[in-house]
Amino acid sequence: MTIHIPILNLKPHIRKLYLENKITSLGIDYAPNSVMGWVDGDEIEVFNFSKIFKLDNRWTGYELHRNKTEIVIEITKL
């Protein structure tokens, strides 16, 4: 399964940081059910999945890719 998160779905201040390439180490944090990243040593929530679905890492992994228009998450089988 592939999940596409268009940058238009990010909150405006997060979108600005994303487009300026200031967010590093993007990854999924399963506890808050979110894509998280780091800006200047502070962890920030980039996108929260809670209103859509619940992520679970017991049987799958993922690869996260970013480009100028979207974040792409490829769910992989363990």
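**Exercise 1. Which residue takes a positive phi in the hairpin of E3 and E4?**

Solution. The model is predicted: local features need pLDDT of at least 70, side-chain atom pairs count only at pLDDT 80 or more, and totals for chains, interfaces and linings use all residues. Residues are numbered from 1 along each chain as its sequence is written, and side-chain values use heavy atoms, with hydrogens and water left out.

Step 1. Locate the strands, which are DSSP runs of E with at least two residues, just as helices are runs of H or I with at least four, numbered from the N terminus. E3 covers 34-39 and E4 covers 42-48.

Step 2. E3 and E4 pair in the antiparallel sense over six bridges, and Val39 stands opposite Asp42 in E4.

Step 3. Examine the turn. Two residues lie between the strands, and Asp40 takes the positive phi, near 50°.

**Exercise 2. Determine which residues of H1 are buried and how they are arranged.**

Solution. Step 1. Ile14, Leu17 and Tyr18 of H1 are buried.

Step 1. Viewed down the helix axis, these buried residues fall within an arc of 100°, so they line one face of H1; the arc is that of the directions from the axis to the C-beta atoms.

Step 2. Pro12, His13 and Leu19, on the other side of H1, are exposed.

Step 3. The buried residues of H1 pack against E2, E3, E4, strand E5 (60-66) and E6.

**Exercise 3. Identify the core residues that touch the most other members, and describe the surroundings of Leu10.**

Solution. Step 1. A nonpolar core is a set of buried Ala, Val, Leu, Ile, Met, Phe, Trp, Tyr and Cys residues joined through side-chain atoms within 4.5 Å. The largest such core has 19 residues, of which Ile5, Leu10, Ile23, Val35, Val46, Phe49 and Ile73 touch the most other members.

Step 1. Among the elements that each supply at least two residues of this core are strand E1 (2-6), helix H1 (12-19) and strand E6 (70-77).

Step 2. Counting contacts (heavy atoms within 4.5 Å), Leu10 touches Ile5, Arg15, Tyr18, Val46 and Phe47, with residues up to four places away in sequence not counted.

Step 3. The C-alpha atoms of Leu10 and Asp40 are separated by 19 Å.

Notes
Buried < 20%, exposed > 50% of the residue type's maximum accessible area, 1.4 Å probe, protein only. Pairing = 2+ DSSP bridges.
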